Structure formats: C-alpha cells, structure tokens
Amino acid sequence: MSAPLRAAASEVPVWDLGVRLFHWGTVAAVATAFLAEEGESLHEKAGYVAAALLGFRLIWGLIGTRHARFSDFVAGPGKVFTYLLDRVRGRAPHYLGHNPAGGAMILVLLTLLATVAGTGVAMTSDALWGNHLVEEIHETAANALLVCIGIHVAAVILMSKLDKENLVKAMITGKKRRQP
C-alpha cells in the first residue's frame, strides 16, 4: 500500500458536519462582528448569526454524534488539571476527540459567546437599550472572548506540533489520525 493510501486509511471521522459548520460559521460571525462598527446593522446581524449557531451547538451538544456531545469532552477540574500535568510530564493520553483541556476551553468559549450574544440582544431591547451596565458586560465579555480565541488558536498550533497532527485540517475535513 502506498504512503498516501496508508495515511488515508488510518484517518477516522471525528468532527461531523454540524460541528464543523458551527465552528467555521462562528469564526466568520465573530470576526464580522468584531470588524464591523458596534451598533451597525452588520455587527448586529453577525451577532444574531452567532447566537443562532450557539443555539444549534447547545442542542447538538446533547443529541449530536459521539464527539459532538458534551458528555464526550466535558471533564471536571481535577481531570483537566491531571491532563495538563501529564501533558507537561510527557505522558498524557491521546484523545480522538477533545482532550480535557480542550473541552474546558470549549465551555469557556461557549459561555463567553452566550454572554456576548445575550447582552447584545438585550441592548437592542426597549427595556435595556442604553443600559451602561449591559453595554459594559457586553464589551468586557467580547474582549475576554478575543483573548480566549487567541489562547485557543495558540493551543491548537502547539498541540498540532506536539502531537504531529494537523488539527486545523481535522476541523475542515472532520477526520483525525487514529493513534494507538
């Protein structure tokens, strides 16, 4: 068997189309919202798209395919800490889906996205339009989201190098290399 065929044969489906569309759709919506002027129609439309995608992901996290479900990758703080410690020691197990640290980051990103989207929608309501506290929460959560996105991207690059696995490609194709 030639090398390209062996490589293709060792790849297995991990990220279903719903997960991948959510991921890249959210990337596009958040980038659009950040690049558009706050209060502009494009900013608000991008926010509504992000909110709709988030709604889908929350449902898909309960009923979706194996690696899409929260039960597959949400771990308690102890397991996340143990994984990170084992990672530093060079003995962390390989995860086909998200590892415990990646799962924790997903929860942080989803929470921040929900906060940004929720306060964004709230600011367009008659009751909360012009409410400075809601605006401050929206802006703070948006900035925290940007920081966490930066950490997420850096971690994806680092883990891709450490595990010799192209995680960006995996989020495009939906397939990852099966490891022993």
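Helix H7 (132-163) hands over the largest share of the lining of the largest pocket, 10 residues. Helices here are DSSP runs (H or I, at least four residues), numbered from the N terminus. This is a predicted model, where local features need pLDDT of at least 70, side-chain atom pairs count only at pLDDT 80 or more, and totals for chains, interfaces and linings use all residues. Residues are numbered from 1 along each chain as its sequence is written, and side-chain values use heavy atoms, with hydrogens and water left out.

The largest pocket holds about 1,200 Å³ of space. Its lining counts 44 residues, and His23, His98, Ile106, His152 and Val156 sit closest to the centre. A pocket is an open set of points on a 1 Å grid over the protein atoms alone, where a 1.4 Å probe fits, with protein on both sides within 12 Å along at least five of seven lines; lining residues have an atom within 4 Å of a point. Volume is the space filled by probe spheres set on the points, which are joined across faces, edges and corners.

Then there's the second largest pocket, with about 520 Å³ of space. It has 27 lining residues, and those nearest its centre are Glu38, His43, Gly120, Met123 and His138. His138 is part of H7 and is buried, at 6% relative accessible area (buried means under 20%, with a 1.4 Å probe and protein chains only). Leaving aside residues up to four places away in sequence, His138 touches Glu38, His43, Val116, Thr119, Gly120 and Met123 (contact means heavy atoms within 4.5 Å).

Methods
Helices (H or I, at least four residues) and strands (E, at least two) are DSSP runs, numbered from the N terminus. Buried means under 20% relative accessible area, exposed over 50%, partly exposed in between (1.4 Å probe, protein chains only).
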